[in-house]
Amino acid sequence: MDQIAITRTVTVAAGPFAAGHLGELTRLVPFEMIDDVLAVTGRTQRRVRLLPARVVVYLLLAGCLFADCGYRKVWAKLVAGLRGLPVAAER
């Protein structure tokens, strides 16, 4: 039986949000697309904050998917794969 191995290169975001890729949402909406939209609309961040502009867009998209949850629960779902990494939390 012949076998074929299929490989592909995946580019991921750097920084504390890289490891978990913010869940399955980044498979559907790649961070390059978010960055392009932010650049075209002139909404790129001017300062580095706890939540980069890209992450805020993912939070808003996740909020649409989990409309019955508040933002705290949506945020918890979004960063669930990042346990142990330094991510923004409620103060």
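Helices (H or I, at least four residues) and strands (E, at least two) are taken as DSSP runs, numbered from the N terminus. On this basis the protein chain holds 4 helices and 0 strands. From the N terminus on, its elements run α-α-α-α. The model is predicted: local features need pLDDT of at least 70, side-chain atom pairs count only at pLDDT 80 or more, and totals for chains, interfaces and linings use all residues. Residues are numbered from 1 along each chain as its sequence is written, and side-chain values use heavy atoms, with hydrogens and water left out.

Buried residues account for 25% of the 91 residues in the protein chain. Contacts were defined by heavy atoms within 4.5 Å. Among contacts between residues at least 6 apart in sequence, 56% join residues at least 24 apart.

In soluble globular proteins, nonpolar side chains tend to be buried together. A nonpolar core is here a set of buried Ala, Val, Leu, Ile, Met, Phe, Trp, Tyr and Cys residues joined through side-chain atoms within 4.5 Å. The largest such core has 16 residues. L22, Y58, W75 and L78 have the most contacts inside it. Helices α2, α3 and α4 (71-78) each supply at least two residues of this core. The most come from α3, which gives 5 residues.

Two packed helices are described by the angle between their axes and the distance between the axes. Axes are lines fitted to C-alpha atoms, for helices over the stretch in contact, and angles run from 0 to 180 degrees between N-to-C directions. Helices α2 and α3 pack at about 105 degrees, with their axes 10 Å apart. That makes α2 roughly perpendicular to α3 (under 35 degrees, roughly parallel; over 145, roughly antiparallel; 65 to 115, roughly perpendicular; the rest, oblique). From α2, the contact uses F31, I34, D35 and L38. From α3, A53, R54, V57, Y58 and L61 take part. These residues divide into 7 nonpolar, no polar and 2 charged (Ala, Val, Leu, Ile, Met, Phe, Trp, Tyr, Cys and Pro count as nonpolar, Asp, Glu, Lys and Arg as charged, and the others, Gly among them, as polar).

The structure holds 1 salt bridge, defined as a side-chain nitrogen of Lys or Arg within 4 Å of a carboxyl oxygen of Asp or Glu. D35 pairs with R54, and the closest N and O atoms are 2.7 Å apart.

The C-alpha atoms of A53 and D35 are separated by 8.5 Å, although the two residues are 18 apart along the chain. Not counting residues up to four places away in sequence, A53 touches L38, R43 and Q45.

How values were computed:
Buried means under 20% relative accessible area, exposed over 50%, partly exposed in between (1.4 Å probe, protein chains only).
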